[in-house]
Amino acid sequence: MVDASHEKLAGPLFGLMLLVMFVLPMWRVGYYDIGMFRDDVGVVFTYARNLIETGQIFYNEPADRLDGFTSMLDIIFALPLYVLAPESMFVWNYYLKALITCLVPVATYFLFLRWGLEPYLAAFVAFALASSDVLSAAFGMQLEGAFYGALILVFFACLLNRDRMRASVLILTGVLLCLTRPEAIALVASALGFAVILDADSRRRKIALGAGSAILACMGAWYAWRIAYFGYWAPNTYYAKLSGSRMQELADGFNYVWYQFSNRADVFLLSLIHI
């Protein structure tokens, strides 16, 4: 049924639709006039340069082990850019992450088709994602946002694949997600937890449980090293934004989430599709 429906979208209209999906995220970025050279990217590049030149992760001095970065994966991404094109790292970083960002809605469309969703619904979700502030703003910082979106897509594609769930893919993408953003730990843990508890297939439950255990072991080792090396489990940016009241921080977090769902059409549309 999917193939037959898919054929109805073939031809120039189908190609135009994919082109719009691909271009729309960058059009959103251009609308907000986001420049190529960002201070935060320079911070990441400094860590990457020091790691290559000295073998240590620091910003100013080797003895000053301050982790002023959020994503270790972003630093790993910057390493080959510094080796291959040190004079044009900002340019390559911009365009490679732009490519990843633009591919996310297109990949989402084909993924939903593979899951059996009707083409018009798959296109609806992909366009909602392509036009979202989430995608354009995440790329606008030119940090780890592009990886985050792509890895979430791959992780859930594997987790929700009814025909084949590969533990190796779950483990790899789960670990990379957790290295991309600290809050990804909650995302990965909750997703695998739901699979272990609610999936009717015992084989899939075992795969999810095994993958979760492996991810937990990897991240336990990572945070043990991080605390031993930097002295703290969270990035310095987390502590810089702390207030004196835990309740105030919780209230700020609630207001932020409420704002995203009450003022953003794309989040509302994606939530309806999910339901």
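Helix H5 (residues 89-114) and helix H6 (residues 119-130) pack at about 160 degrees, and their axes lie 8 Å apart. Because angles over 145 degrees count as roughly antiparallel, H5 is roughly antiparallel to H6. Please keep in mind as you read on that this is a predicted model.

**Helix pairs**

Let us stay with H5 and H6 for a moment. H5 passes H6 in a right-handed crossing. On the H5 side, the contact is made by Val 104, Pro 105, Thr 108, Tyr 109, Phe 112 and Leu 113. H6 brings Pro 119, Ala 122, Ala 123, Val 125, Ala 126, Leu 129 and Ala 130 to this contact. Sorted by class, the residues of the contact of H5 with H6 are 12 nonpolar, one polar and no charged.

Next come helix H3 (residues 39-54) and helix H4 (residues 72-84), whose axes come within 8 Å and cross at roughly 65 degrees. Since the range from 65 to 115 degrees counts as roughly perpendicular, H3 is roughly perpendicular to H4. The crossing of these two helices, H3 and H4, is right-handed. H3 takes part through Val 44, Phe 45, Tyr 47, Ala 48, Arg 49, Leu 51, Ile 52 and Glu 53. From H4, the contact residues are Asp 74, Ile 75, Ala 78, Leu 79, Tyr 82 and Val 83. The contact of H3 with H4 has 11 nonpolar, no polar and three charged residues.

The pair H9 and H11 has axes that come within 9 Å and cross at roughly 35 degrees. Here, too, H9 passes H11 in a right-handed crossing. H9 contributes Ala 167, Leu 170, Ile 171, Gly 174, Val 175, Cys 178 and Leu 179 to the contact. Its partner H11 contributes Ile 207, Ala 211, Ala 214, Ile 215, Cys 218, Met 219 and Trp 222. By class, the contact of H9 with H11 counts 13 nonpolar, one polar and no charged residues.

| Helix pair | Crossing angle | Axes |
|---|---|---|
| H5 and H6 | about 160 degrees | 8 Å apart |
| H3 and H4 | roughly 65 degrees | within 8 Å |
| H9 and H11 | roughly 35 degrees | within 9 Å |

**The cavity**

The structure holds one cavity of 30 Å³ or more. The largest cavity has a volume of about 90 Å³. Its lining includes Thr 70, Met 72, Cys 178, Leu 179, Arg 181, Pro 182, Trp 222 and Tyr 223, and Arg 226, Trp 233, Ala 234 and Pro 235 also line this cavity. Helix H9 (167-180) and helix H11 (202-230) are the elements that give two or more residues to this lining. The largest share, three residues, comes from H11. By class, the cavity lining has nine nonpolar, one polar and two charged residues.

Helix H10 (184-198) and H11 are the elements that give two or more residues to the pocket lining. H11 supplies the largest share of the pocket lining, seven residues. By class, the lining of this pocket has nine nonpolar, three polar and no charged residues.

Note on methods:
Residues are numbered from 1 along each chain as its sequence is written. This is a predicted model: local features need pLDDT of at least 70, side-chain atom pairs count only at pLDDT 80 or more; totals for chains, interfaces and linings use all residues. Side-chain values use heavy atoms; hydrogens and water are left out. On a 1 Å grid over the protein atoms alone, a cavity is a set of points where a 1.4 Å probe fits but cannot get out, and a pocket is an open set with protein on both sides within 12 Å along at least five of seven lines; lining residues have an atom within 4 Å of a point. Grid points are joined across faces, edges and corners, and a volume is the space filled by probe spheres set on the points. Helices (H or I, at least four residues) and strands (E, at least two) are DSSP runs, numbered from the N terminus. Ala, Val, Leu, Ile, Met, Phe, Trp, Tyr, Cys and Pro count as nonpolar, Asp, Glu, Lys and Arg as charged, and the others, Gly among them, as polar. Axes are lines fitted to C-alpha atoms, for helices over the stretch in contact, and angles run from 0 to 180 degrees between N-to-C directions. Angles under 35 degrees count as roughly parallel, over 145 as roughly antiparallel, 65 to 115 as roughly perpendicular and the rest as oblique. A crossing is left-handed if the near helix is turned anticlockwise from the far one by less than a right angle, and right-handed if clockwise. Contact means heavy atoms within 4.5 Å.
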